[in-house]
Amino acid sequence: MENTTWMANYTGRSDFDLVGLFSQSKHPTLLCVVIFMAFLMALSGNTILIFLIHCDAHLHTPMYFFITQLSLMDVMYISVTVPKMLMDQVMGVNKISVPECGMQMFLYLTLVGSEFFLLAAMAYDRYVAICHPLRYPIFMNHRVCLLLVSSSWILGSVDGFMLTPVTMTFPFCSSREIHHFFCEVPAVMKLSCSDTSLYETLMYLCCVLMLLIPVTVISSSYSFILFTIHRMNSAEGRKKAFATCSSHMMVVILFYGAAVYTYMLPTSYHTPEKDMIVSVFYTILTPVLNPLIYSLRNKDVTRALKKMLNVGSVLQEPIK
């Protein structure tokens, strides 16, 4: 009887319908313009930051190497979700095929997972720089930096390879409406006809590990950093160390807070509207804020930007 019911509910259609942000808004056109502007800000801000770090020799340090990778990840994962959402709104289409949905899910999980571990590597870098400044060139040499960054990318891809195939092989019922603006795992899982409780438990354990390891590294690093800052005799040194660390902590709290809500809180806390708002924080808002946080609050980056603008203005001056 159950098999007959499942066959009656199951549909072989190959497309999903993304019921996203615009369907919930009273002013979808205005919202579309705002998101488009945010996308351009994220794209231009992160690209400029990467370009500045690449061109200025004074910024060729481990910290800025990690910031370059963070900006690259931000550019990639905002590009995975937002252009599709904006194009669908402009074209009046809200469909996404199963292969496209799977690819979007895999890229998103890989990039977000990679950023989890990269933020931990950045916290460890600040710990070594502030707590062991004399040993910093040894502990954070080029080989170690490459190892930390490549490990972040690999561990993030493991998350994508584990969750995406399992999620996309579940049978889906007659309703193909994903109440989200992209193919996020919890939103897609709600369409399944089969019992997903075991998978949801395994996914929860996976996310705990994905978050527990970086959070442990970050909290340990900043505990030692705060202790070291407290013992500093120089007020200027304390101010500089605190400014650097507070920028990183702002990013960590925003990014990890949204991830904990999405993947670790029980389903009773979730509604489609809340899930989409929280997802906006780490898919759209975080990529916009990161270059602002790491540039406006950083004298080295602002100095490099002024230098680049001054060179550009000199080149544009007419020869007398």
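Which residue does Lys-190 form a salt bridge with? I looked it up: Lys-190 pairs with Asp-275, and the closest N and O atoms are 3.7 Å apart. The pair links distant parts of the chain, 85 residues apart, with Lys-190 in the loop between helix H8 (185–189) and helix H9 (197–231) and Asp-275 in helix H11 (residues 272–296). Lys-190 is exposed at 53% relative accessible area, whereas Asp-275 is buried at 11%.

Ground rules, before I go on. This is a predicted model, where local features need pLDDT of at least 70, side-chain atom pairs count only at pLDDT 80 or more, and totals for chains, interfaces and linings use all residues. Residues are numbered from 1 along each chain as its sequence is written, and side-chain values use heavy atoms, with hydrogens and water left out.

My cut-offs, noted once. A salt bridge needs a side-chain nitrogen of Lys or Arg within 4 Å of a carboxyl oxygen of Asp or Glu. Buried is under 20% relative accessible area, exposed is over 50%, and partly exposed is in between (1.4 Å probe, protein chains only). Helices (H or I, at least four residues) and strands (E, at least two) are DSSP runs, numbered from the N terminus.

**Confidence and overall make-up**

I checked pLDDT, the predictor's confidence in each residue from 0 to 100. The chain averages 82, and 88% of the residues score at least 70. Over residues 1–12 pLDDT stays under 50, and the model has 11 contacts (heavy atoms within 4.5 Å) for them beyond four places in sequence. I find 12 helices and three strands in the chain. Of its 320 residues, 46% are buried. Among contacts with a separation of 6 or more, 79% come from residues 24 or more positions apart.

**More salt bridges**

How many salt bridges does the rule give? The count is four. One of the others joins Lys-84 to Asp-88 at 3.3 Å, N to O. Both sit in helix H4 (residues 62–91), and because they are four residues apart, about one helical turn separates them. Lys-84 is partly exposed at 23%, while Asp-88 is buried at 13%.

I also noted Asp-125 with Arg-126, where the closest N and O atoms are 2.9 Å apart.

**H7 against H9**

Next I looked at how helix H7 (residues 142–169) sits against H9. Their axes come within 12 Å and cross at roughly 170°. Axes are lines fitted to C-alpha atoms, for helices over the stretch in contact, with angles from 0 to 180 degrees between N-to-C directions. Angles over 145 degrees count as roughly antiparallel, so H7 and H9 are roughly antiparallel to each other.

Which residues meet there? From H7 I listed Leu-155, Asp-159, Met-162, Leu-163, Val-166 and Thr-167, and from H9 Tyr-199, Met-203, Cys-206 and Met-210. The contact divides into eight nonpolar, one polar and one charged residue. Here Ala, Val, Leu, Ile, Met, Phe, Trp, Tyr, Cys and Pro count as nonpolar, Asp, Glu, Lys and Arg as charged, and the others, Gly among them, as polar.

**Ser-221**

Leaving aside neighbours within four places in sequence, I see Ser-221 in contact with Ala-123, Tyr-124 and Tyr-127.

Terms used
Parallel < 35°, antiparallel > 145°, perpendicular 65-115°, else oblique.
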